[in-house]
Amino acid sequence: MSDPLLEVTDLVKTYAVSGGGFRSKGGLVRAVDGVSLTIERGETLGLVGESGCGKSTLGRAILRLEDPDRGTIRFDGQDITNLSTKEMRPLRAKMQLIFQDPFSSLDPRTTVGGSIAEGLRVQGLDPDQRAKRVNEMLELVGLESYHARRFPHEFSGGQRQRVGIARALAVNPSFLVLDEPVSALDVSIQSQILNLLKDLQVELGLTMLFIAHNLGVVEHLCDRISVMYLGRIAETSSRNDLFDSCVHPYTQALMSAIPVLDPTRRKDRVILEGDVPSPLNPPSGCRFHPRCPVANTTSCVSEQPPLVSVGSAHEAACHVRAPKEADWGRVRT
Amino acid sequence: MTDLTVDINPLEVSQSSSGGLGINLVKELFRKRAAVVGAVMLGILVFIALFAPLISPYDPTEVLLSTEGVQPRESPCIHILGCDSEQPQHILGIDGNGRDVLSRIFYGARVSLTAGVAAVTFAVLVGVVVGLIAGFFGGWIDNVLMRLMDVLLAFPSLLLAIFIVTVFGRGLTNAVLAITVVTIPGYARVVRSSVLTVRESDFVKADRVLGVSTFRLLTRRILPNSLTPLVVQATLGIASAVLEIAALSFLGLGVQPPQAEWGSMLASERNQVFTAPHLVFFPGIAIMWNVLAFNLLGDGLRDAMDPRLNR
Amino acid sequence: MTDTSVSTDSTQRRDQQEPILNVTGLKTYFFTRAGEVRAVDGVDLSLKPGEIVGLVGESGSGKSVTSMSILQLVSDPGKIVAGEVMFDGQRLDKMSKRQMRNIRGDRISMIFQQPNASLNPVFRAGEQIAEVYAAHTALKKAVRNERAVEMLEKVGIPDPASRAKAYPHELSGGMAQRVMIAMALASKPDVLIADEPTTALDVTIQAQILDLMVSMRDELGTAILLITHDLGVVAETADRVAVMYAGQIVEESPTNELFADPQHPYTQGLIGSIPMPGERRERLTVIPGRVPNLVDMPPGCRFAPRCEARIAHNLTKCTEVEPDLLQISPGRKVRCWLFEEPDPTADGAS
């Protein structure tokens with residue numbers, strides 16, 4: 001019925017971790033452990049979770065910066081899961097990445113113009129066309145054309161992030177992965193960049209995967225939001241549903257843990273007990289059960305809950321709140 | 001919207017520091033007094049080496065014993081310091097074969113500098129390629145290359161150099177080659193470790209996402225950003241290469257007589273330390289001068305390049 | 001000038017108390033090659049016993065330098081060039097290094113952003129807490145160790161006896177920060193300076209740590225200076241807030257009033273620029289431009305180049321004369337010419 005731009009099915013990405021000691025045996029971190037998601041054309045999906053939940057790994061695997069262990073990635077109707085570096089090259093321009101750290105994402109020895117032009121060079125544009133496009137891009141992100149000749153160290157964090165955006169958009173991508181694009185920036189600069197992204201989203205009709213740890217940031221730009229916990233998706237819903245009627249206890253806890261700007265509302269929140277478990281040794285069953293305020297079934301401990309539809313375009317993975325029996329809809333796409 | 005919504009203030013990109021990285025480095029370097037001293041010492045040495053034929057009073061290999069009043073191992077004779085003006089002037093004296101020591105030291109600078117620089121250049125070239133390939137591709141390639149380097153490192157370097165020279169024959173070229181081989185692992189390691197860091201940086205990832213070719217990635221991104229520590233290492237490396245050339249020549253494995261070289265000058269007169277100390281003293285000073293110049297410069301470079309030590 | 005803040009109803013009992021820590025006219029400059037960096041330029045701040053004061057600002061606002069200046073820990077090329085720091089009737093800025101060492105870690109302690117980096121990697125968590133007692137008390141070793149375990153229990157570490165034997169790398173970020181808090185509070189200090197204590201932590205862990213800090217304050221009566229860039233953190237915990245911009249405090253107010261009705265254009269912009277879940281704004285408020293270069297400060301109000309209110313109200317004074325911190329109501333002060341009334345306290349501009 002629909003023709004999604006990106007379709008990820010049962011993606012698994014593991015890392016071997018050395019034990020540290022001499023000859024000691026390391027373990028296998030299942031950074032992404034069976035994630036499925038789809039992004040429609042023109043849609044922005046937010047991917048939220050705490051550190052170590054696998055959200056960045058997922059983003060990189062989708063761009064094939066990492067090789068997934070299992071699962072499939074379909075981009076624009078094409079299965080790109082096992083394409084070689086060479087086969088990926090023509091697709092590269094269509095999917096771009098924006099980084100978290102504006103300081104390490106630009107080559108300190110290349111002018112800003114040179115960094116933006118790099119992708120255009122790959123596309124075979126001649127120097128005049130490249131210079132013209134670089135100027136267009138600088139203007140698009142709110143910089144001046146003379147900035148092209150400057151080096152990154154002459155720019156502030158916010159400006160560098162604009163350069164990073166210009167570099168990604170220069171090759172005219174249809175899909176953009178944003179990996180925590182504002183979390184390294186000061187608050188007042190953060191909102192400048194978020195507004196810029198919002199404008200670009202509307203102006204260029206971009207499809208985006210917006211990765212962040214901050215629900216507030218995600219909400220500003222996203223149509224739908226997925227919440228990840230320890231390598232798995234806990235809940236996916238439209239942004240309105242997530243804030244009005246989230247189902248998963250982790251989503252609720254995450255939401256109530258965000259400090260509100262209203263000191264009179266201090267008391268009403270759920271504080272989760274305990275730490276995020278190590279992904280090296282995740283809990284059995286539902287990975288959230290040791291911290292879960294509502295876990296009460298034996299299956300919470302023994303069985304991984306599947307992602308179950310709990311409303312229109314709203315899915316959650318919870319034995320208690322979204323039991324399988326109560327499911328009328330589809331079980332995962 | 002007010003007129004303030006333009007969030008870029010044109011002034012905030014500093015107009016002053018537009019010189020790029022190189023100029024800042026030079027500026028930084030000249031703030032270090034030791035580095036400046038090193039640079040000046042090196043400058044003098046380079047000048048001497050370049051203009052040795054013009055400034056040397058004699059041919060370095062010419063035996064002057066036929067000249068009247070010249071004795072082997074004669075002490076320095078300087079006219080303004082009261083040396084008899086009848087005698088020919090030899091500022092640093094005469095060596096055992098009746099040659100002018102000053103001229104030999106001047107010409108020795110040529111050998112010392114070119115051999116030191118050549119050895120390090122070759123070693124850096126090979127080391128960069130090895131380190132770059134090992135660091136970038138990783139896996140078994142990395143393992144094979146770096147274990148090879150480990151084997152080279154396992155030998156005492158001078159001993160290995162002596163071995164190479166004995167197998168391939170004495171002479172300056174082989175001595176330089178020997179030092180090259182011995183010092184490659186050091187450069188390969190330095191390059192590899194910075195490649196490992198740069199390879200994982202976001203700007204390299206960004207290029208990969210843009211589909212930039214591996215070759216361009218290696219030459220335009222990874223190599224330039226990995227070179228900083230190498231520059232320091234290489235500068236300090238010249239100092240030790242100079243020492244090792246001198247050592248090989250001292251042992252008679254490097255420069256062959258009658259060519260002027262500081263190490264062999266030391267060796268041929270080492271038994272005269274007490275009778276004619278100037279014959280050992282001045283070549284020794286020359287070697288020290290050369291090594292010190294490169295060491296001071298290298299230390300200065302390291303400080304200038306280390307962002308933590310600035311401001 | 002002494003602080004005259006009047007607390008809100010919830011903190012009425014602190015009203016009559018004298019401040020335990022009082023900073024007046026603090027100026028800390030860094031003398032760099034680029035010039036004189038005025039990191040802290042005339043800060044007045046006070047902390048009453050048991051009070052939590054939030055010191056908020058973006059990077060480069062001088063909030064951390066303020067805390068380091070209070071502790072007399074400013075290092076080269078930085079220098080405290082003016083101002084006094086009164087702690088419990090003593091001038092900290094006049095003390096010898098040795099006297100200061102005795103106060104730090106005993107009566108004033110500190111926690112930092114990176115708990116794992118602040119703990120010594122080669123000692124066990126329990127040993128590091130016991131060390132505090134060794135430095136500042138005459139307790140026997142067995143008692144010290146016992147106290148250390150008690151402290152770990154107090155900060156909510158499960159199974160404290162076995163966690164006391166853990167090395168820092170074996171602790172998660174949240175646990176390590178709890179250990180840091182246990183260390184900082186072991187000596188029952190009068191003042192705790194917390195510099196971005198939750199910035200490196202995940203939100204669910206941040207909520208735990210903030211909760212812990214408030215309950216420790218309630219239990220021990222420690223006054224806390226909470227330094228953060230996150231207005232949300234301040235809204236959740238502080239009694240009073242001071243907002244810093246470019247080395248100066250631009251607004252100071254009880255927390256409730258600050259968030260209900262921010263006065264300074266910078267504070268308003270800052271609050272408006274934070275996206276909060278559930279509010280669904282199409283566009284965020286933006287503060288144009290960025291923080292001025294601390295070497296080359298604009299004349300007049302430091303916020304003037306970015307200030308939209310200045311243009312809306314057609315004020316010309318802002319770019320010429322620097323405003324003072326003006327008292328606008330009991331407990332509230334604002335550094336802004338918009339609040340200049342024909343009132344005798346307001347014309348003291350230099």
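In chain B, in which helix is confidence lowest, and in which is it highest? Confidence is lowest in helix H1 (residues 20–29) of chain B, at a mean of 67, and highest in helix H4 (residues 101–137) of chain B, at 94. Here pLDDT is the predictor's confidence in each residue, from 0 to 100. This is a predicted model, in which local features need pLDDT of at least 70 and side-chain atom pairs count only at pLDDT 80 or more, while totals for chains, interfaces and linings use all residues. Residues are numbered from 1 along each chain as its sequence is written, and chains are lettered from A and ligands numbered from 1 in the order in which they are written.

**Confidence**

- The predictor gives the complex an ipTM of 0.84 and a pTM of 0.83.
- Chain B has a mean pLDDT of 84, with 90% of its residues at 70 or more.
- Residues 1–20 of chain B have pLDDT below 50. This stretch has 28 contacts in the model beyond near neighbours in sequence. (Two residues are in contact if their C-beta atoms, placed from the backbone, lie within 7 Å.)
- Chain C has a mean pLDDT of 87, and 93% of its residues reach 70 or more.
- In chain C, pLDDT stays under 50 over residues 1–10, which have 20 contacts beyond four places in sequence.
- Residues 345–350 of chain C are also below 50, with 11 contacts beyond near neighbours in sequence.

**Chain folds and dimensions**

- Chain A holds 10 helices and 12 strands. (Helices are DSSP runs of H or I, at least four residues; strands are runs of E, at least two; both are numbered from the N terminus.)
- The radius of gyration of chain A is 21 Å, close to the 20 Å that the globule rule gives for 333 residues, so chain A is as compact as a globular protein of that length. (The radius is taken over C-alpha atoms; the rule is 2.2 Å times the number of residues to the power 0.38.)
- Along the principal axes, the C-alpha atoms of chain A fill a box of roughly 65 × 55 × 50 Å.
- Chain B has 12 helices and 0 strands.
- Its radius of gyration is 25 Å, well over the 19 Å that the globule rule gives for 311 residues, so chain B is more spread out than a compact globule.
- The C-alpha trace of chain B spans about 95 × 55 × 30 Å along its principal axes.

**Helix packing**

- In chain A, helix H3 (residues 112–122) and helix H5 (residues 157–170) pack at about 20 degrees, with axes 8 Å apart. (Axes are lines fitted to C-alpha atoms, for helices over the stretch in contact; angles run from 0 to 180 degrees between N-to-C directions.)
- H3(A) and H5(A) are therefore roughly parallel. (Angles under 35 degrees count as roughly parallel, over 145 as roughly antiparallel, 65 to 115 as roughly perpendicular and the rest as oblique.)
- In chain B, the axes of helix H6 (residues 157–168) and helix H10 (residues 228–250) come within 11 Å and cross at roughly 50 degrees. That makes H6(B) oblique to H10(B).
- B:Leu158, B:Ala161 and B:Val165 of H6(B) meet B:Glu244, B:Ala247 and B:Leu248 of H10(B).

**Chain A with chain C**

- The contact takes 38 residues from chain A and 39 residues from chain C.
- On the chain A side, helix H6 (187–204), helix H7 (215–221) and helix H9 (249–257) each give two or more residues.
- H6(A) supplies the largest share of that side, 9 residues.
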